[in-house]
Amino acid sequence: MRSFIKLKSSVSIFFTISMFLCFFIGTQAQAQAQKQPNVVILFADDLGYGDLSCYGAQDVNTPYIDKLAKEGTKFTDFQVASSVCSPSRAALLTGRYPVRNGFPVARHTGPKHENYGLDLEEITLATTLKKTGYSTMCIGKWHLGFMKGSHPMDHGFDEFFGLQSNWNSKSSALKKLYKNKTVVNETVTYETLLESYTNEAIEFVKSNKKKPFFLYLAYNAVHTPILPSNAFKKSSKGGPYGDYVQELDHYVGKFTNFLSENGYDENTIVIFLSDNGPAICNAGGSAGPLNGGKYTTMEGGFRIPAIIKWKGKFATGINHTSLSSMDLFPTIANIAGAKIPKDRVIDGKNITSILETGKGETPHEFIYYYNGINLQAVRKGPWKLHLPRTLDDQPYWSKKQIGKPFNGRALKTLSCKGMQTLKNPLLIDLDHDMGELKDVSKKNPGIVEELLLEAERIRKELGDVNIVGSDQRLPPFEDIHVKH
Ligand SMILES: [Ca+2]
(Lines give C-alpha, C1' and ligand atoms only; values in the text may rest on other atoms or scores of the structure.)
Protein backbone atom coordinates (compact mmCIF):
# COMPACT_ATOMS: atom_id res chain seq x y z
CA MET A 1 0.00 0.00 0.00
CA ARG A 2 2.78 2.43 0.98
CA SER A 3 4.72 1.68 -2.19
CA PHE A 4 1.54 2.28 -4.21
CA ILE A 5 1.15 5.74 -2.56
CA LYS A 6 4.83 6.41 -3.25
CA LEU A 7 4.38 5.41 -6.89
CA LYS A 8 1.23 7.53 -7.14
CA SER A 9 2.99 10.61 -5.75
CA SER A 10 6.00 10.02 -8.06
CA VAL A 11 3.63 9.83 -11.01
CA SER A 12 1.92 13.02 -9.91
CA ILE A 13 5.28 14.81 -9.48
CA PHE A 14 6.24 13.54 -12.92
CA PHE A 15 3.04 14.95 -14.40
CA THR A 16 3.47 18.26 -12.60
CA ILE A 17 7.03 18.60 -13.90
CA SER A 18 5.93 17.53 -17.40
CA MET A 19 3.11 20.02 -17.40
CA PHE A 20 5.44 22.74 -16.19
CA LEU A 21 7.94 21.84 -18.92
CA CYS A 22 5.20 21.80 -21.54
CA PHE A 23 4.01 25.18 -20.35
CA PHE A 24 7.57 26.50 -20.28
CA ILE A 25 8.44 25.15 -23.73
CA GLY A 26 5.09 26.35 -25.05
CA THR A 27 5.70 29.82 -23.70
CA GLN A 28 9.20 29.77 -25.14
CA ALA A 29 7.82 28.74 -28.53
CA GLN A 30 5.26 31.50 -28.32
CA ALA A 31 7.93 34.04 -27.40
CA GLN A 32 10.06 32.79 -30.26
CA ALA A 33 7.07 33.02 -32.58
CA GLN A 34 6.42 36.57 -31.46
CA LYS A 35 10.06 37.40 -31.93
CA GLN A 36 9.96 36.00 -35.43
CA PRO A 37 6.84 37.27 -37.19
CA ASN A 38 5.40 35.56 -40.20
CA VAL A 39 6.21 37.40 -43.42
CA VAL A 40 4.02 37.54 -46.51
CA ILE A 41 5.06 39.28 -49.71
CA LEU A 42 2.16 39.68 -52.14
CA PHE A 43 3.83 40.56 -55.42
CA ALA A 44 1.62 41.86 -58.24
CA ASP A 45 2.85 41.77 -61.82
CA ASP A 46 2.96 44.92 -64.01
CA LEU A 47 0.52 46.74 -61.71
CA GLY A 48 0.92 50.48 -62.23
CA TYR A 49 1.20 53.34 -59.76
CA GLY A 50 -2.26 54.54 -60.82
CA ASP A 51 -4.00 51.16 -61.04
CA LEU A 52 -5.56 50.97 -57.55
CA SER A 53 -8.33 53.09 -56.14
CA CYS A 54 -6.20 53.89 -53.07
CA TYR A 55 -3.65 55.35 -55.51
CA GLY A 56 -6.24 57.43 -57.32
CA ALA A 57 -7.66 55.09 -59.98
CA GLN A 58 -11.17 56.18 -60.99
CA ASP A 59 -12.28 53.28 -63.17
CA VAL A 60 -11.61 50.43 -60.77
CA ASN A 61 -12.62 49.65 -57.23
CA THR A 62 -10.07 47.79 -55.10
CA PRO A 63 -11.59 47.72 -51.61
CA TYR A 64 -9.42 44.95 -50.18
CA ILE A 65 -6.06 46.43 -51.13
CA ASP A 66 -7.43 49.84 -50.06
CA LYS A 67 -8.26 48.30 -46.66
CA LEU A 68 -4.72 46.99 -46.36
CA ALA A 69 -3.47 50.53 -47.12
CA LYS A 70 -5.76 51.94 -44.44
CA GLU A 71 -4.59 49.43 -41.84
CA GLY A 72 -0.93 49.77 -42.81
CA THR A 73 1.27 52.33 -44.54
CA LYS A 74 0.86 53.37 -48.15
CA PHE A 75 4.11 54.45 -49.78
CA THR A 76 4.22 57.11 -52.48
CA ASP A 77 7.89 56.78 -53.45
CA PHE A 78 8.65 53.07 -53.25
CA GLN A 79 11.05 51.99 -55.98
CA VAL A 80 11.81 48.68 -57.61
CA ALA A 81 15.27 48.05 -59.03
CA SER A 82 14.15 47.34 -62.59
CA SER A 83 11.10 48.06 -64.72
CA VAL A 84 11.01 44.47 -66.02
CA CYS A 85 9.81 41.30 -64.25
CA SER A 86 12.87 39.09 -63.72
CA PRO A 87 15.47 41.66 -62.68
CA SER A 88 12.98 43.26 -60.28
CA ARG A 89 12.31 39.86 -58.69
CA ALA A 90 16.01 39.06 -58.42
CA ALA A 91 16.61 42.39 -56.66
CA LEU A 92 13.69 41.92 -54.25
CA LEU A 93 14.89 38.47 -53.21
CA THR A 94 18.62 39.28 -52.92
CA GLY A 95 18.53 42.92 -51.79
CA ARG A 96 20.99 43.70 -54.60
CA TYR A 97 20.84 45.61 -57.88
CA PRO A 98 20.19 43.27 -60.83
CA VAL A 99 23.52 44.23 -62.43
CA ARG A 100 25.21 43.18 -59.20
CA ASN A 101 23.31 39.90 -58.69
CA GLY A 102 23.68 38.73 -62.29
CA PHE A 103 20.05 39.00 -63.44
CA PRO A 104 19.76 42.29 -65.38
CA VAL A 105 17.55 41.03 -68.23
CA ALA A 106 14.48 38.81 -68.55
CA ARG A 107 14.57 35.56 -70.48
CA HIS A 108 12.03 32.83 -70.86
CA THR A 109 13.24 29.57 -69.49
CA GLY A 110 13.83 26.72 -71.91
CA PRO A 111 16.69 24.78 -73.47
CA LYS A 112 18.18 27.95 -74.98
CA HIS A 113 18.56 29.60 -71.61
CA GLU A 114 18.86 26.72 -69.20
CA ASN A 115 22.14 28.18 -67.94
CA TYR A 116 20.52 31.50 -67.12
CA GLY A 117 19.07 31.42 -63.64
CA LEU A 118 19.55 33.13 -60.31
CA ASP A 119 23.16 32.28 -59.51
CA LEU A 120 23.73 29.76 -56.72
CA GLU A 121 26.21 32.17 -55.18
CA GLU A 122 23.38 34.60 -54.55
CA ILE A 123 21.65 34.46 -51.15
CA THR A 124 17.90 35.04 -51.09
CA LEU A 125 15.66 36.25 -48.31
CA ALA A 126 14.12 32.76 -48.30
CA THR A 127 17.53 31.16 -47.72
CA THR A 128 18.40 33.37 -44.78
CA LEU A 129 14.94 33.05 -43.18
CA LYS A 130 14.94 29.27 -43.62
CA LYS A 131 18.27 29.07 -41.80
CA THR A 132 16.77 30.84 -38.82
CA GLY A 133 13.80 28.51 -38.51
CA TYR A 134 11.21 29.68 -41.01
CA SER A 135 9.02 27.54 -43.25
CA THR A 136 9.30 29.05 -46.71
CA MET A 137 7.13 28.80 -49.77
CA CYS A 138 7.09 30.39 -53.21
CA ILE A 139 3.74 30.48 -54.98
CA GLY A 140 3.13 31.84 -58.47
CA LYS A 141 5.50 33.17 -61.08
CA TRP A 142 9.20 32.49 -60.51
CA HIS A 143 10.88 33.79 -63.69
CA LEU A 144 14.43 33.49 -62.37
CA GLY A 145 15.48 30.44 -64.36
CA PHE A 146 14.24 27.01 -63.38
CA MET A 147 16.92 24.51 -64.31
CA LYS A 148 20.46 23.75 -63.19
CA GLY A 149 20.24 25.18 -59.69
CA SER A 150 17.84 28.03 -60.28
CA HIS A 151 14.57 26.42 -59.17
CA PRO A 152 12.89 28.15 -56.19
CA MET A 153 13.78 25.11 -54.07
CA ASP A 154 17.45 25.71 -54.91
CA HIS A 155 17.08 29.19 -53.45
CA GLY A 156 15.74 28.63 -49.96
CA PHE A 157 12.12 27.74 -50.58
CA ASP A 158 10.89 24.52 -48.92
CA GLU A 159 7.98 24.38 -51.35
CA PHE A 160 6.92 25.76 -54.70
CA PHE A 161 3.56 25.93 -56.44
CA GLY A 162 3.32 27.80 -59.71
CA LEU A 163 4.74 28.47 -63.15
CA GLN A 164 8.38 28.69 -64.09
CA SER A 165 7.78 31.99 -65.89
CA ASN A 166 4.96 33.83 -67.66
CA TRP A 167 1.98 31.77 -68.82
CA ASN A 168 1.91 31.63 -72.61
CA SER A 169 -0.71 29.88 -74.73
CA LYS A 170 1.82 29.20 -77.51
CA SER A 171 4.36 27.42 -75.33
CA SER A 172 3.77 23.97 -73.86
CA ALA A 173 6.58 24.53 -71.34
CA LEU A 174 5.05 27.76 -70.05
CA LYS A 175 1.63 26.26 -69.41
CA LYS A 176 2.91 23.64 -66.97
CA LEU A 177 1.81 24.07 -63.37
CA TYR A 178 4.28 22.68 -60.84
CA LYS A 179 4.07 21.52 -57.25
CA ASN A 180 7.66 21.54 -56.12
CA LYS A 181 9.48 19.92 -59.04
CA THR A 182 6.56 17.84 -60.32
CA VAL A 183 4.15 18.91 -63.05
CA VAL A 184 0.63 18.71 -61.61
CA ASN A 185 -1.12 20.15 -64.66
CA GLU A 186 0.37 20.01 -68.17
CA THR A 187 -1.86 22.74 -69.59
CA VAL A 188 -3.21 24.85 -66.78
CA THR A 189 -6.04 27.24 -67.64
CA TYR A 190 -4.72 30.74 -67.12
CA GLU A 191 -7.95 32.08 -65.63
CA THR A 192 -7.77 29.62 -62.71
CA LEU A 193 -4.37 30.76 -61.43
CA LEU A 194 -5.39 33.61 -59.11
CA GLU A 195 -7.77 31.35 -57.25
CA SER A 196 -5.52 28.31 -57.08
CA TYR A 197 -2.55 30.37 -55.90
CA THR A 198 -4.68 31.94 -53.16
CA ASN A 199 -6.07 28.58 -52.01
CA GLU A 200 -2.57 27.12 -51.94
CA ALA A 201 -1.38 30.10 -49.89
CA ILE A 202 -4.15 29.56 -47.32
CA GLU A 203 -3.30 25.85 -47.08
CA PHE A 204 0.37 26.71 -46.56
CA VAL A 205 -0.49 29.07 -43.68
CA LYS A 206 -2.83 26.50 -42.11
CA SER A 207 -0.16 23.83 -42.23
CA ASN A 208 2.41 25.98 -40.43
CA LYS A 209 1.21 26.26 -36.87
CA LYS A 210 4.53 25.58 -35.16
CA LYS A 211 7.08 27.56 -37.13
CA PRO A 212 7.08 31.13 -38.41
CA PHE A 213 6.52 31.23 -42.14
CA PHE A 214 7.71 33.24 -45.11
CA LEU A 215 5.33 33.24 -48.05
CA TYR A 216 6.35 34.79 -51.36
CA LEU A 217 3.12 34.91 -53.36
CA ALA A 218 3.90 36.24 -56.84
CA TYR A 219 0.56 36.64 -58.60
CA ASN A 220 0.44 36.55 -62.40
CA ALA A 221 -1.99 39.50 -62.51
CA VAL A 222 -2.01 41.94 -64.16
CA HIS A 223 0.62 40.81 -66.67
CA THR A 224 -0.54 39.88 -70.18
CA PRO A 225 -2.61 38.06 -71.28
CA ILE A 226 -5.34 40.22 -69.77
CA LEU A 227 -7.84 37.47 -69.13
CA PRO A 228 -10.07 38.01 -66.12
CA SER A 229 -12.16 34.98 -65.21
CA ASN A 230 -15.87 34.93 -66.08
CA ALA A 231 -17.00 36.10 -62.63
CA PHE A 232 -15.05 39.36 -63.05
CA LYS A 233 -15.74 40.15 -66.70
CA LYS A 234 -17.38 43.57 -67.01
CA SER A 235 -17.13 44.07 -63.25
CA SER A 236 -15.28 47.41 -63.60
CA LYS A 237 -15.48 50.58 -65.63
CA GLY A 238 -11.94 49.99 -66.84
CA GLY A 239 -12.50 47.29 -69.45
CA PRO A 240 -10.81 43.86 -69.22
CA TYR A 241 -7.73 45.42 -67.62
CA GLY A 242 -9.84 47.00 -64.86
CA ASP A 243 -11.73 43.73 -64.41
CA TYR A 244 -8.44 41.93 -64.00
CA VAL A 245 -7.21 44.46 -61.40
CA GLN A 246 -10.46 43.92 -59.48
CA GLU A 247 -10.01 40.15 -59.64
CA LEU A 248 -6.49 40.54 -58.23
CA ASP A 249 -7.96 42.70 -55.46
CA HIS A 250 -10.60 40.07 -54.70
CA TYR A 251 -8.01 37.34 -54.18
CA VAL A 252 -5.66 39.57 -52.19
CA GLY A 253 -8.74 40.21 -50.02
CA LYS A 254 -9.55 36.54 -49.71
CA PHE A 255 -6.06 35.89 -48.41
CA THR A 256 -5.70 38.93 -46.12
CA ASN A 257 -9.19 38.34 -44.70
CA PHE A 258 -8.18 34.77 -43.94
CA LEU A 259 -5.18 36.08 -41.99
CA SER A 260 -7.28 38.65 -40.06
CA GLU A 261 -10.13 36.24 -39.28
CA ASN A 262 -7.74 33.61 -37.98
CA GLY A 263 -5.71 35.79 -35.64
CA TYR A 264 -2.56 36.26 -37.70
CA ASP A 265 -2.54 40.07 -37.90
CA GLU A 266 -0.48 40.79 -34.76
CA ASN A 267 2.19 38.34 -35.76
CA THR A 268 2.37 38.73 -39.51
CA ILE A 269 4.02 41.36 -41.68
CA VAL A 270 2.04 41.76 -44.89
CA ILE A 271 3.74 43.47 -47.81
CA PHE A 272 1.94 44.24 -51.05
CA LEU A 273 3.79 45.66 -54.03
CA SER A 274 4.17 45.44 -57.79
CA ASP A 275 7.26 44.20 -59.64
CA ASN A 276 7.29 47.09 -62.15
CA GLY A 277 5.12 49.74 -63.74
CA PRO A 278 2.26 49.15 -66.15
CA ALA A 279 2.79 47.72 -69.64
CA ILE A 280 0.88 50.64 -71.12
CA CYS A 281 1.83 49.94 -74.75
CA ASN A 282 0.67 46.33 -74.91
CA ALA A 283 -1.70 45.83 -71.98
CA GLY A 284 -3.06 49.12 -70.68
CA GLY A 285 -2.79 50.16 -67.08
CA SER A 286 -1.99 53.49 -65.52
CA ALA A 287 1.05 55.05 -63.96
CA GLY A 288 -1.18 57.82 -62.56
CA PRO A 289 0.67 61.14 -62.51
CA LEU A 290 3.94 59.48 -63.57
CA ASN A 291 5.33 59.16 -67.06
CA GLY A 292 6.62 56.07 -68.82
CA GLY A 293 5.88 52.54 -67.65
CA LYS A 294 7.29 49.05 -67.90
CA TYR A 295 10.57 48.85 -69.91
CA THR A 296 11.43 52.50 -69.19
CA THR A 297 13.57 54.19 -66.55
CA MET A 298 11.02 56.90 -65.93
CA GLU A 299 9.16 56.94 -62.62
CA GLY A 300 6.21 55.13 -64.22
CA GLY A 301 8.44 52.08 -64.64
CA PHE A 302 10.21 52.12 -61.27
CA ARG A 303 7.81 53.70 -58.78
CA ILE A 304 5.13 51.21 -57.83
CA PRO A 305 2.20 50.87 -55.44
CA ALA A 306 3.50 49.51 -52.13
CA ILE A 307 1.74 48.85 -48.84
CA ILE A 308 3.21 47.40 -45.65
CA LYS A 309 1.21 46.36 -42.60
CA TRP A 310 2.10 44.86 -39.24
CA LYS A 311 -0.73 45.46 -36.83
CA GLY A 312 0.36 47.13 -33.62
CA LYS A 313 4.03 47.25 -34.61
CA PHE A 314 4.37 49.34 -37.76
CA ALA A 315 3.18 52.89 -38.35
CA THR A 316 0.02 53.54 -40.32
CA GLY A 317 -0.76 56.29 -42.81
CA ILE A 318 1.01 57.63 -45.88
CA ASN A 319 4.78 57.74 -46.21
CA HIS A 320 6.61 59.81 -48.85
CA THR A 321 10.15 58.59 -48.14
CA SER A 322 12.16 57.16 -51.05
CA LEU A 323 12.53 53.47 -50.30
CA SER A 324 13.39 50.40 -52.35
CA SER A 325 12.13 46.86 -52.73
CA MET A 326 15.77 45.89 -52.02
CA ASP A 327 15.31 47.26 -48.47
CA LEU A 328 12.96 44.40 -47.64
CA PHE A 329 15.77 41.81 -47.48
CA PRO A 330 17.89 43.45 -44.74
CA THR A 331 14.81 44.79 -42.94
CA ILE A 332 12.99 41.48 -42.67
CA ALA A 333 16.20 39.62 -41.90
CA ASN A 334 16.85 42.10 -39.10
CA ILE A 335 13.38 41.72 -37.61
CA ALA A 336 13.51 37.93 -37.86
CA GLY A 337 16.96 37.71 -36.31
CA ALA A 338 18.29 36.17 -39.51
CA LYS A 339 21.75 36.69 -40.92
CA ILE A 340 22.40 39.52 -43.35
CA PRO A 341 25.32 38.42 -45.56
CA LYS A 342 28.52 40.32 -44.77
CA ASP A 343 30.67 38.97 -47.61
CA ARG A 344 28.95 41.06 -50.29
CA VAL A 345 27.32 44.40 -50.91
CA ILE A 346 23.64 44.51 -50.01
CA ASP A 347 22.15 47.55 -51.74
CA GLY A 348 18.99 47.49 -49.64
CA LYS A 349 18.98 49.25 -46.26
CA ASN A 350 17.47 48.28 -42.95
CA ILE A 351 14.35 50.46 -42.74
CA THR A 352 12.86 48.90 -39.60
CA SER A 353 12.72 52.22 -37.73
CA ILE A 354 11.04 53.98 -40.66
CA LEU A 355 8.41 51.25 -40.76
CA GLU A 356 7.91 51.39 -36.99
CA THR A 357 7.76 55.16 -36.58
CA GLY A 358 6.66 56.30 -40.04
CA LYS A 359 9.47 58.85 -39.80
CA GLY A 360 12.99 59.17 -41.09
CA GLU A 361 14.93 60.26 -44.14
CA THR A 362 15.64 58.02 -47.09
CA PRO A 363 18.61 55.76 -46.35
CA HIS A 364 19.61 55.90 -50.05
CA GLU A 365 22.08 58.65 -50.88
CA PHE A 366 21.77 57.71 -54.56
CA ILE A 367 19.33 55.58 -56.54
CA TYR A 368 20.44 54.05 -59.86
CA TYR A 369 18.08 53.35 -62.74
CA TYR A 370 19.38 50.62 -65.04
CA ASN A 371 17.64 49.39 -68.17
CA GLY A 372 19.27 45.99 -68.64
CA ILE A 373 22.97 46.81 -68.18
CA ASN A 374 22.57 50.41 -69.38
CA LEU A 375 22.76 53.04 -66.64
CA GLN A 376 20.10 55.56 -67.63
CA ALA A 377 19.52 57.73 -64.58
CA VAL A 378 20.98 58.62 -61.18
CA ARG A 379 18.91 60.16 -58.45
CA LYS A 380 19.77 62.02 -55.27
CA GLY A 381 16.80 63.17 -53.17
CA PRO A 382 14.42 64.97 -55.54
CA TRP A 383 17.05 65.32 -58.28
CA LYS A 384 16.99 62.73 -61.04
CA LEU A 385 19.48 63.01 -63.87
CA HIS A 386 18.61 61.13 -67.05
CA LEU A 387 21.77 60.16 -68.89
CA PRO A 388 22.44 60.23 -72.66
CA ARG A 389 21.68 56.98 -74.46
CA THR A 390 21.20 55.55 -77.95
CA LEU A 391 18.90 52.76 -79.08
CA ASP A 392 21.96 50.53 -79.45
CA ASP A 393 22.54 50.85 -75.71
CA GLN A 394 19.12 49.44 -74.93
CA PRO A 395 17.89 45.94 -74.15
CA TYR A 396 15.87 44.11 -76.78
CA TRP A 397 12.56 45.22 -75.30
CA SER A 398 13.36 48.90 -75.92
CA LYS A 399 14.33 48.24 -79.52
CA LYS A 400 10.89 46.90 -80.31
CA GLN A 401 9.62 50.47 -80.35
CA ILE A 402 11.38 53.10 -82.39
CA GLY A 403 11.72 56.34 -80.49
CA LYS A 404 12.78 59.82 -81.47
CA PRO A 405 15.60 61.79 -79.86
CA PHE A 406 14.21 63.44 -76.78
CA ASN A 407 16.34 66.57 -76.50
CA GLY A 408 15.84 69.42 -78.86
CA ARG A 409 12.07 69.50 -78.78
CA ALA A 410 9.56 70.75 -76.25
CA LEU A 411 8.90 68.42 -73.35
CA LYS A 412 5.36 67.21 -73.29
CA THR A 413 3.41 64.28 -71.94
CA LEU A 414 5.26 61.18 -72.97
CA SER A 415 3.88 57.94 -74.28
CA CYS A 416 4.60 54.52 -72.88
CA LYS A 417 7.89 54.57 -74.73
CA GLY A 418 9.52 56.86 -72.22
CA MET A 419 12.80 58.43 -73.21
CA GLN A 420 14.35 55.86 -75.46
CA THR A 421 17.12 58.05 -76.76
CA LEU A 422 18.67 61.09 -75.21
CA LYS A 423 21.44 63.34 -76.54
CA ASN A 424 22.20 65.40 -73.44
CA PRO A 425 21.68 64.87 -69.72
CA LEU A 426 18.28 65.95 -68.46
CA LEU A 427 17.68 67.01 -64.86
CA ILE A 428 14.30 66.56 -63.21
CA ASP A 429 13.14 67.95 -59.85
CA LEU A 430 10.78 65.17 -58.75
CA ASP A 431 9.46 67.18 -55.79
CA HIS A 432 7.87 69.64 -58.21
CA ASP A 433 7.65 67.53 -61.37
CA MET A 434 6.92 63.88 -60.70
CA GLY A 435 5.78 63.51 -64.34
CA GLU A 436 9.37 64.29 -65.45
CA LEU A 437 8.32 66.91 -67.95
CA LYS A 438 10.64 69.82 -67.26
CA ASP A 439 14.39 69.87 -67.76
CA VAL A 440 15.99 72.04 -65.06
CA SER A 441 19.63 71.21 -65.84
CA LYS A 442 20.57 74.72 -66.97
CA LYS A 443 19.44 76.21 -63.66
CA ASN A 444 21.27 73.64 -61.57
CA PRO A 445 24.70 73.00 -63.12
CA GLY A 446 26.24 72.00 -59.78
CA ILE A 447 23.72 69.21 -59.27
CA VAL A 448 24.20 68.00 -62.84
CA GLU A 449 27.94 67.85 -62.25
CA GLU A 450 27.58 65.95 -58.97
CA LEU A 451 25.23 63.37 -60.50
CA LEU A 452 27.45 62.92 -63.59
CA LEU A 453 30.39 62.24 -61.27
CA GLU A 454 28.30 59.72 -59.34
CA ALA A 455 27.31 58.05 -62.62
CA GLU A 456 31.00 57.71 -63.50
CA ARG A 457 31.74 56.23 -60.08
CA ILE A 458 28.92 53.68 -60.12
CA ARG A 459 29.73 52.61 -63.70
CA LYS A 460 33.12 51.45 -62.44
CA GLU A 461 31.41 49.33 -59.80
CA LEU A 462 28.20 48.12 -61.48
CA GLY A 463 29.07 48.52 -65.15
CA ASP A 464 27.35 49.99 -68.17
CA VAL A 465 27.24 49.24 -71.88
CA ASN A 466 30.86 48.35 -72.85
CA ILE A 467 32.06 48.69 -69.25
CA VAL A 468 32.29 45.72 -66.89
CA GLY A 469 31.97 46.82 -63.28
CA SER A 470 34.28 45.69 -60.49
CA ASP A 471 31.30 44.14 -58.63
CA GLN A 472 29.13 43.09 -61.56
CA ARG A 473 28.03 39.49 -62.05
CA LEU A 474 27.68 38.92 -65.79
CA PRO A 475 24.94 36.68 -67.22
CA PRO A 476 26.05 33.86 -69.54
CA PHE A 477 25.38 35.69 -72.83
CA GLU A 478 27.75 37.17 -75.36
CA ASP A 479 25.46 40.14 -75.94
CA ILE A 480 23.28 40.71 -72.92
CA HIS A 481 20.92 43.08 -74.71
CA VAL A 482 20.15 40.90 -77.72
CA LYS A 483 17.25 38.49 -77.47
CA HIS A 484 18.38 35.12 -78.80
CA1 LIG B 1 6.25 42.43 -64.32
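Predicted model: local features only at pLDDT ≥ 70, side-chain atom pairs only at ≥ 80, totals over all residues.

Trainee: What is the strand order in the open sheet of four strands, and is the pairing parallel or antiparallel?

Mentor: Residues are numbered from 1 along each chain as its sequence is written, and side-chain values use heavy atoms, with hydrogens and water left out. Helices (H or I, at least four residues) and strands (E, at least two) are DSSP runs numbered from the N terminus, and two strands pair if DSSP finds at least two bridges between them. Here the order is β13-β14-β15-β16, and the pairing is antiparallel. Since β13 (367-371) and β16 (426-429) are the edge strands, each has a single partner, so one side of each lacks a neighbour in the sheet. From one strand to the next the twist averages 20 degrees.

Trainee: How many bridges join β15 to β16?

Mentor: Strand β15 (residues 383-386) is joined to β16 by four bridges, and the two run antiparallel. Within β16, D429 is the residue that stands opposite W383.

Trainee: Which helix lies across these strands, and at what angle to β14 does it run?

Mentor: Axes are lines fitted to C-alpha atoms, for helices over the stretch in contact, and angles run from 0 to 180 degrees between N-to-C directions; contact means heavy atoms within 4.5 Å. Helix α12 (residues 445-462) lies across β13, β14 (374-380), β15 and β16, and its direction makes about 130 degrees with β14.

Trainee: What is the strand order in the open sheet of 10 strands?

Mentor: That order is β7-β6-β5-β4-β8-β1-β9-β10-β2-β11, with mixed pairing. The edges are β7 (182-185) and β11 (317-319); each has a single partner strand, so one side of each is without a neighbour in the sheet. The twist in this sheet averages 15 degrees from one strand to the next. Strands β9 (residues 268-274) and β10 (residues 306-309) pair in the antiparallel sense over four bridges, and I271 has I308 in β10 as its bridge partner. Helix α2 (residues 63-71) lies across β2 (73-75), β9 and β10, at about 55 degrees to β10.

Trainee: Which peptide bond ending at V222 is cis?

Mentor: The bond from A221 to V222 is cis, with omega near 5 degrees. V222 belongs to the loop between β8 (213-218) and α7 (239-261). P225 is found in the loop between β8 and α7 as well, and the bond from T224 to P225 is cis, with omega near -5 degrees.

Trainee: Which residues lie nearest the centre of the largest pocket?

Mentor: On a 1 Å grid over the protein atoms alone, a pocket is an open set of points where a 1.4 Å probe fits, with protein on both sides within 12 Å along at least five of seven lines; lining residues have an atom within 4 Å of a point. In this model 23 residues line the largest pocket, and H108, N166, H223, T224 and Y295 lie nearest its centre.
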